[in-house]
Amino acid sequence: MKNIVLIFSLLLLSCQSKDADDVGRIEVSFSEQASASSKDGRLLLMFSNNDEKEPRFQINDGLDGQLIFGMNVDEMNYGEVITFDDSVFGYPFKSLTEVPPGEYHVQALLHIYETFNLSTGHTVKLPMDNGEGQQWNTSPGNLYSKPFKITVTEDGISDVNIVMDQKIPSIPEPEDTKWIKHIKMKSEKLSEFYGRDMYLGAHVLLPKGFEEHPEAKYPLMVFHGHFPDDFGGFRTTPPDPDTEPEYSERFDLEGYNIIQQQEAYDFYKRWNEPDFPRMLIIEIQHPTPYYDDSYAVNSASQGPYGDAITYELIPYIEKEFRGLGEGWSRFLYGGSTGGWEALAVQVKYPEEYNGCFAACPDPIDFRAYCLTNIYEDKNAYYYDSAHKKLEVPSHRDYLGNIQSTLKQGNHLELVLGDKSRSGQQWDIWEATYSPQGTDGYPVRIWDKMTGDINHEIAEYWKENYDLRYILERDWDKLGDNLKGKINIYCGDMDNYYLNNAVYLMEDFLENTTNPYYDGEVLYGDCAEHCWNGDPDVPNAISRLRYNSMYVPKIMKRIAESAPKGADLTSWRYQ
């Protein structure tokens with residue numbers, strides 16, 4: 001009997017060893033043709049069994065997401081071979097040993113990091129934006145390989161050699177038109193923080209008659225949101241009749257691309273009508289080494305973006321394009337990231353702006369950090385239970401169907417980049433809200449592998465970026481300056497559960513009477529992300545009308561709040 005047990009044990013160990021050994025090795029290098037110099041960065045290995053796109057364009061935490069593994073490399077030289085084996089962390093499978101048998105398209109990409117000597121005294125390696133809006137799979141200068149097919153058998157992966165011989169080309173700058181101008185300015189504040197030249201940009205939509213009325217000065221609408229490659233939603237010609245209709249899975253609409261073109265053309269016509277107010281509208285560019293957008297506030301790890309935008313970029317634009325240049329004439333609006341920014345900037349700079357319109361804002365009360373209470377919950381990934389291990393969801397549709405969990409999204413980010421460098425959503429919140437660690441990178445709000453929350457860091461978040469808490473704490477100082485300026489809109493079935501924090505904010509605002517906030521908080525019935533306050537048309541349409549839908553509210557606010565002697569006439573020509 002002992003001999004039988006011994007033989008069985010040896011066979012079991014043999015099988016286990018064989019499984020690990022038979023995974024094989026995937027060796028990755030880059031050619032001198034791609035780059036002749038050494039590179040730091042995040043080396044990514046991707047698999048896809050869907051041949052519609054390159055693997056690098058199919059990485060996400062949704063139900064259709066494909067496979068990815070990642071590691072850091074330092075001073076990787078051309079011809080140097082880096083090996084991926086079963087120890088390299090991946091998503092959705094943690095190890096190469098777990099990749100199911102089948103045929104896959106395989107691809108490698110090196111997301112390049114640069115070295116920054118920060119004014120804080122820290123030296124960090126971060127991915128610099130190169131005009132693409134901080135996207136690892138399209139960032140100019142990144143190296144990659146062309147996909148090719150491999151077969152994973154029951155015995156594992158045979159040895160594979162991948163050479164990255166491609167380099168993502170640079171992106172042309174957008175060209176000025178009669179209506180839209182593009183600016184790029186060096187920020188002294190950010191350049192000092194990062195130890196190198198840093199720039200802010202904007203796309204500026206000029207009003208009708210801008211050239212013909214040199215005496216006019218204009219109110220300013222500031223649209224916040226993700227990195228815009230040009231001014232969106234403005235088109236001087238009707239939809240192209242040769243455009244092939246494209247289906248929008250998000251909105252279940254055929255020909256949504258044509259609908260977008262028509263809405264953009266309709267806005268152009270509205271912009272030129274005699275009764276439309278003459279004003280400047282800007283969409284700003286402020287990508288950081290951590291994300292496509294800085295969140296428009298000062299932060300320990302990202303630097304003084306709030307001050308740079310409010311005190312450098314905005315005055316520069318107003319001087320260049322004859323803005324009125326006073327707080328009563330500036331307004332903030334945006335959705336999602338832009339919704340949080342619109343409200344946060346209004347709160348942080350209460351006298352510099354005269355109203356915010358925050359649609360579907362990112363969490364504005366961290367007791368509802370999506371579905372996590374960072375102050376009371378012990379773990380972000382699992383519900384508290386003595387006998388069950390139930391993961392916290394992170395994305396739903398309007399019927400409540402779940403596409404991903406908080407743990408899954410964070411583990412994908414950990415593959416894309418450690419130290420909050422993934423360029424994705426949870427990491428940018430951390431890069432914005434957290435204190436800077438001793439290594440120069442943001443301190444984790446929770447353990448990225450396990451989800452265990454650091455409540456000391458949560459308190460730092462609370463004091464500096466929990467907008468509901470800050471308003472409640474400081475209402476005696478802020479209330480008079482914010483009266484009539486706060487407007488929030490959200491669907492009650494927001495895909496990311498953002499409505500939960502809006503409920504908590506509304507509860508504070510509506511129950512505070514000294515002074516009463518005198519704005520509005522509205523909800524869209526069964527509306528998903530990003531409902532922005534229009535109850536008369538579907539979200540698929542209202543999200544295309546940001547540039548015009550808040551204008552009547554802005555005009556009303558100006559009429560009620562402009563100081564005595566303010567210029568209310570020079571910009572009111574037909």
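The questions and answers below concern the nonpolar cores, the cavity and one loop of a predicted model. Local features need pLDDT of at least 70 and side-chain atom pairs count only at pLDDT 80 or more, whereas totals for chains, interfaces and linings use all residues. Residues are numbered from 1 along each chain as its sequence is written, and side-chain values use heavy atoms, with hydrogens and water left out.

Q: Which residues have the most contacts inside the largest nonpolar core?
A: A nonpolar core is a set of buried Ala, Val, Leu, Ile, Met, Phe, Trp, Tyr and Cys residues joined through side-chain atoms within 4.5 Å, where buried means under 20% relative accessible area, exposed over 50% and partly exposed in between (1.4 Å probe, protein chains only). The largest such core has 122 residues. Those with the most contacts inside this core are L343 and I488.

Q: Which residues does L343 touch, not counting those up to four places away in sequence?
A: Contact here means heavy atoms within 4.5 Å. On that basis, and with residues up to four places away set aside, the partners of L343 are C356, A358, I364, L467, I486, I488 and M505.

Q: How many residues are in the second, separate core?
A: This core includes I26, F30, A108 and V152. Its residue count is 29.

Q: Which helix gives the most to the lining of the largest cavity?
A: The lining consists of Y369, N410, W426, D427, E430, I445, W446, K448 and W461, lining residues being those with an atom within 4 Å of a point of the cavity, which is a set of points on a 1 Å grid over the protein atoms alone where a 1.4 Å probe fits but cannot get out. Helices (H or I, at least four residues) and strands (E, at least two) are DSSP runs, numbered from the N terminus. With three residues, the element that gives the most is helix α7 (residues 425-433).

Q: Is Q58 buried or exposed?
A: Q58 has its place in the loop between β2 and β3, and a polar atom of its side chain lies 2.7 Å from the backbone oxygen of K53. Leaving aside neighbours within four places in sequence, Q58 is in contact with S48, N50, K53, D64, G65 and Q66. Because its relative accessible area is 7%, Q58 is classed as buried.

Q: Is D64 buried or exposed?
A: D64 is found in the loop between β2 (39-48) and β3 (67-76). Since its relative accessible area is 52%, D64 is classed as exposed.

How values were computed
On a 1 Å grid over the protein atoms alone, a cavity is a set of points where a 1.4 Å probe fits but cannot get out, and a pocket is an open set with protein on both sides within 12 Å along at least five of seven lines; lining residues have an atom within 4 Å of a point. A polar contact is a pair of N or O atoms within 3.5 Å; within protein, one must be able to donate a hydrogen and the other to accept it, and residues adjacent in sequence count only if both atoms are side-chain atoms.
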